[in-house]
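Could you open the structure beside this note and follow along?

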Amino acid sequence: PPPGTPFFQISLWYPACLIGQAMDLERPEKFGMSSQGLGRIRLVMERYVTQKKLPGAITLIARRGKVVHFETYGWMDIEAGKPMQCDTLFQIQSITKSVTAIALMLLFEQGHFQLMDPVCSFIPAFGDLQVFSTSTGSRIESVPAEREITLFDLLTHTSGLSYASQISHPAFSAIRRKVDLARPGSTLEKRVEKLAGLPLAHHPGQMWRYGFSYDVLAFLVERISGMGFDAFLKEHLFEPLGMADTGYVVPVEMAGRLAGVYGPAADGGLERLDTDLDLFHPERPPLGSTGLVSTASDFLRLAQMMLNRGTYQGVRILRPETAEMMTANHLTDQLLSSFCVVGFGDATYTNGYGFGLGFRTLMDVERTGIPGSAGEYGWSGVYNTHYWIDPGEELIGLIWTQLSLPLHMVPIEREFKQLTYTSLLNA
């Protein structure tokens with residue numbers, strides 16, 4: 001860019017040169033989308049950046065197997081003056097859960113278990129579970145669980161292994177916060193052992209509550225496969241899909257590609273947060289619920305595999321029937337009434353949706369308040385990485401930033417989705 005170019009305009013100079021190196025960008029009209037309509041996305045994203053509500057972002061849209069939109073905005077590192085780039089590395093946080101679900105279902109296809117099998121068959125520590133009842137001061141009282149946790153409970157977040165943020169009772173929330181963070185020296189096994197010793201938030205299968213279930217699923221993958229979870233993902237998912245930039249540890253030589261994470265500052269702008277969680281440490285434990293780092297173009301490969309019902313560029317990862325089962329709603333009417341991610345996106349993220357095996361899935365378009373298609377599915381990360389997959393429209397959308405703020409407070413996912421669907425052509 002010419003010297004003196006305002007920072008909010010710098011991103012205008014980068015997409016074309018970088019996209020040409022990353023992948024071929026197709027003319028949108030060839031695949032039923034309006035260039036003019038997609039052009040509105042930049043106006044919205046730049047407004048967020050200039051108002052200092054976002055540090056920077058990437059938006060990517062693929063239709064009928066081709067990328068029709070891939071743009072960058074703002075900064076990946078404000079302090080260093082580094083513009084967002086097409087190969088920027090993002091902490092995708094809870095999008096990790098979608099990857100974990102796919103990994104487990106690879107073993108399901110090999111006949112290692114049934115979804116209704118009790119978890120204690122594989123992890124005996126889950127054989128004697130207690131459920132929170134009440135508390136007297138700091139003393140927690142519990143009762144025996146009415147039944148065992150199943151693998152289905154873990155996949156659908158109905159196990160009772162809830163995050164502290166999802167529980168209103170202060171005493172119970174306090175004991176949930178004792179679960180180890182993903183620090184070097186800790187292990188997935190230690191984390192799961194600690195979880196097994198804590199009371200559940202509710203009886204298994206009683207309600208939907210977001211939580212630690214996917215860490216247990218990752219450990220199950222280790223137990224069944226005999227491999228570390230990170231090694232399993234690399235061998236069975238990332239390498240077959242060509243996802244060379246996805247993993248739990250960021251190599252030192254790639255450190256300059258990692259986006260900073262920001263949050264609201266006292267002066268109304270943004271401030272850098274210390275969230276790297278030892279991302280460069282080689283002994284960082286792989287969790288099933290969070291922790292993966294990836295790029296938008298890398299994750300597009302996994303999303304396209306799911307849209308293709310289990311295949312990508314001739315490589316089969318899942319059977320079509322498995323992919324369809326994972327992305328269908330599995331919540332009963334009773335469970336749907338409790339489907340809300342407290343502090344994540346609240347009702348704006350779950351209205352009209354059900355939940356499958358690792359993905360929210362759209363059931364009632366009208367309830368969302370924005371355009372869409374029944375059967376669309378996806379998930380998000382707490383630093384505002386979002387993706388969705390629409391089989392009916394053969395459409396994939398990704399909008400990724402690194403902003404630690406609840407989804408509904410900066411509704412970029414909804415606005416991006418609205419602009420994407422209103423860019424579809426009738427023909």
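Predicted model: local features only at pLDDT ≥ 70, side-chain atom pairs only at ≥ 80, totals over all residues.

1. Residues are numbered from 1 along each chain as its sequence is written, and side-chain values use heavy atoms, with hydrogens and water left out.

2. Start with Glu376, in the loop between helix 14 (365–368) and strand 14 (377–381). Helices (H or I, at least four residues) and strands (E, at least two) are DSSP runs, numbered from the N terminus. Glu376 counts as buried because its relative accessibility is 0%; buried means under 20% relative accessible area (1.4 Å probe, protein chains only).

3. What does the side chain of Glu376 join in a polar contact? The partner is the side chain of Tyr353, at 3.0 Å. A polar contact is a pair of N or O atoms within 3.5 Å; within protein, one must be able to donate a hydrogen and the other to accept it, and residues adjacent in sequence count only if both atoms are side-chain atoms.

4. Next, look at His157, in the loop between helix 5 (151–155) and helix 6 (170–176). His157 has a positive phi, near 60 degrees. Most residues other than glycine have a negative phi. His157 is buried, with a relative accessible area of 1%.

5. Finally, find Asn384 in the loop between strand 14 and strand 15 (385–390). The phi of Asn384 is positive too, near 65 degrees, and Asn384 is buried at 1% relative accessibility.

How values were computed
Buried < 20%, exposed > 50% of the residue type's maximum accessible area, 1.4 Å probe, protein only.
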